[in-house]
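Hi,

Here's the structure I promised to pass on.

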Amino acid sequence: MTNPTRPTDSAGRGPRPVLRERFEADPGDRAAFDLLEEQLFLAGAWAELVPLYEAHLAATATTLAPPEQARLLFRMGQAIEEGLRDATRAAATYRSALELDPAFVPALRRLRGACVATGNYLEAIELAAREAGLAAGPEPAAGLVELGERALAAGDAAAAIQGFERALGFRAEDPDLG
């Protein structure tokens, strides 16, 4: 007996092999990509998910708008960071996303976190300052102070000073402090 909620092909194969074949025939097929991405993500199949992103991005490089490419790179970075536990490769992927969409705050935040994880406090502080420049509200310098404190605790005095100075400079420009 077949299950109507789990479609199969004529050979009785489930949805993943059918979608995989469809995607491999046309990596630019957005419907196949979206369904396969969801299945792989829910299954935690990170080693399969990353090449899926790479193939789809390569196939759609000239047709996807830069912000959509950035979103997919961001999601690929998340899979690399969380699933494959490779902060360095994830950081490179987030940087690629930011080249396409410099104001993509989720990628800024994840790249900043990857920089902190790898001990690159100076870049993390630059990213926090960039994010603070995009943010609204009265406390955008708080992240810079926190990074300065983390850098100081890690023994990186130069990065700590940079973080504190950037926070003070940002706060001095705040019209609410006048």
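One aromatic cluster is made up of Phe23, Phe33 and Tyr53. Keep in mind that this is a predicted model. In total the structure has five aromatic pairs. One of them joins Phe41 and Trp46, edge-to-face, with 5.5 Å from centre to centre and 85° between the planes. Phe41 is partly exposed, because its relative accessibility is 47%, and the cut-offs for that class are 20% and 50%.

Another of the pairs is Phe74 with Tyr94, and this one is tilted: the centres are 5.9 Å apart and the planes make an angle of 40°. Phe74 belongs to helix H4 (residues 66-83) and Tyr94 to helix H5 (residues 87-100), so the pair links distant parts of the chain, 20 residues apart. Are Phe74 and Tyr94 buried or exposed? Both of them are buried.

For the overall picture, the protein has nine helices and zero strands. Going from the N terminus, the order of elements is simply α-α-α-α-α-α-α-α-α. The chain has 178 residues, and 34% of them count as buried. If you take the contacts between residues at least 6 apart in sequence, 46% join residues at least 24 apart.

Now the helix packing, going along the chain.

Helix H2 (residues 30-43) packs against helix H3 (residues 46-59) at about 160°, and their axes are 9 Å apart. Since an angle over 145 degrees counts as roughly antiparallel, that is what H2 is to H3. Their crossing is left-handed. On the H2 side the contact uses Arg30, Phe33, Leu36, Glu37, Leu40 and Phe41, and on the H3 side Trp46, Glu48, Leu49, Leu52, Tyr53 and His56. By class, that contact comes to eight nonpolar, one polar and three charged residues.

H3 and H4 come next. Their axes are also 9 Å apart, at an angle of about 160°, which makes H3 roughly antiparallel to H4. This crossing is left-handed too. From H3, the residues that meet H4 are Trp46, Leu49, Val50, Tyr53, Glu54, His56 and Leu57. Facing them in H4 are Gln69, Leu72, Leu73, Arg75, Met76, Ala79, Ile80 and Gly83. The contact of H3 with H4 divides into ten nonpolar, three polar and two charged residues.

How do H4 and helix H6 (residues 105-117) cross? Their axes come within 10 Å, at roughly 25°. An angle under 35 degrees counts as roughly parallel, so H4 is roughly parallel to H6. The crossing of H4 and H6 is left-handed. H4 brings Phe74, Gln78, Glu81 and Glu82 to the contact, and H6 brings Pro106, Ala107 and Arg110. That gives three nonpolar, one polar and three charged residues. Phe74 is in this contact as well as in the tilted pair with Tyr94.

Two arginines are worth a look while you have the model open.

Arg85 sits in the loop between H4 and H5. Most residues other than glycine have a negative phi. Arg85, however, is not a glycine and has a positive phi of about 55°. Its relative accessibility is 67%, so Arg85 counts as exposed, the cut-off being over 50%.

Arg130 is in helix H7 (residues 121-134). Which residues does Arg130 touch, leaving out those up to four places away in sequence? They are Leu98, Pro102 and Leu108. Take Pro102: it is 28 residues from Arg130 in sequence, and the C-alpha atoms of the two are 9.5 Å apart in space. Arg130 has a relative accessible area of 34%, so it is partly exposed.

That's what I have so far. Over to you!

Conventions: Residues are numbered from 1 along each chain as its sequence is written. This is a predicted model: local features need pLDDT of at least 70, side-chain atom pairs count only at pLDDT 80 or more; totals for chains, interfaces and linings use all residues. Side-chain values use heavy atoms; hydrogens and water are left out. Rings of Phe, Tyr and Trp (its six-membered ring) pair if their centres lie within 6.5 Å; planes under 30 degrees apart count as stacked, over 60 as edge-to-face and the rest as tilted. Buried means under 20% relative accessible area, exposed over 50%, partly exposed in between (1.4 Å probe, protein chains only). Helices (H or I, at least four residues) and strands (E, at least two) are DSSP runs, numbered from the N terminus. Contact means heavy atoms within 4.5 Å. Axes are lines fitted to C-alpha atoms, for helices over the stretch in contact, and angles run from 0 to 180 degrees between N-to-C directions. Angles under 35 degrees count as roughly parallel, over 145 as roughly antiparallel, 65 to 115 as roughly perpendicular and the rest as oblique. A crossing is left-handed if the near helix is turned anticlockwise from the far one by less than a right angle, and right-handed if clockwise. Ala, Val, Leu, Ile, Met, Phe, Trp, Tyr, Cys and Pro count as nonpolar, Asp, Glu, Lys and Arg as charged, and the others, Gly among them, as polar.
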